[in-house]
Amino acid sequence: MAAVNRKWSTLDLAYIALATVIIIICAWISIPTLIPITLQTLGIFLCVGLLGPGRATVAILIYLGLGMAGLPVFSGFRGGLAAVVGPTGGYLLGFFLCVPLSGWLIQLSKGKTIPSLLAMIAGLIVIYIFGTLWNVCIYAPETGASGMMAALALYVFPFVLPDILKVILAWFLCRRLKPYVKSRSHQST
């Protein structure tokens, strides 16, 4: 079996750093609600669509690590463990799980238009699942949401249209920017 080269190039590290910064900036652009409407998902899907599952997963791990360390990288300029275990914690977990899944599905789509868009929507569904379950299991008594339909009405339905628009924008931008982003397979080792 051939050895796999897991060494990150300087270009990989620059892409990962830039993707992390883009996610942070997108998280700061926010309309405050119970669960803030941010451009965070736009940043997440740009990251995964342009970098693939490996580099995008590292970028999201750095983003979450910075936030857990207390830096104000999350929506509303929040950071720290309280933000991670608070009402948006399930969405943060969903971001982490969505990135490798969407990235893998995008790779499987081989650049085909509809499958790559559906891969991003699948990632959005993962984010909704974990965010909603987190809130149902942990925050339902505080918010008054009792039952799955009440939680969906509070945590998902108001955000579907804005999030679909963000996914479509990310997909469009990825299609335009992808020729300028070198993939790992095009780099010399």
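Me: Which residues of H7 are buried?

Reply: An α-helix has 3.6 residues a turn, so residues three or four places apart point the same way. In this predicted model, the buried residues of H7 are Phe159, Asp163, Lys166, Val167, Ala170, Trp171 and Cys174. Buried means under 20% relative accessible area, exposed over 50%, partly exposed in between (1.4 Å probe, protein chains only). Helices (H or I, at least four residues) are DSSP runs, numbered from the N terminus.

Me: What should I know about the numbering and the model?

Reply: Residues are numbered from 1 along each chain as its sequence is written, and side-chain values use heavy atoms, leaving out hydrogens and water. In this predicted model local features need pLDDT of at least 70 and side-chain atom pairs count only at pLDDT 80 or more, while totals for chains, interfaces and linings use all residues.

Me: How much space lies in the largest pocket?

Reply: Rolling a probe the size of a water molecule over the atoms shows where empty space is left. A pocket is an open set of points on a 1 Å grid over the protein atoms alone, where a 1.4 Å probe fits, with protein on both sides within 12 Å along at least five of seven lines; lining residues have an atom within 4 Å of a point. The largest pocket holds about 530 Å³ of space, a volume being the space filled by probe spheres set on the points. Its lining has 24 residues, and Gly49, Gly52, Ile106, Gln107 and Lys178 are the closest to its centre.

Me: Which element gives the largest share of that lining?

Reply: H2 does, with eight residues.

How values were computed: Helix = DSSP H or I, 4+ residues; strand = E, 2+ residues; numbered from the N terminus.
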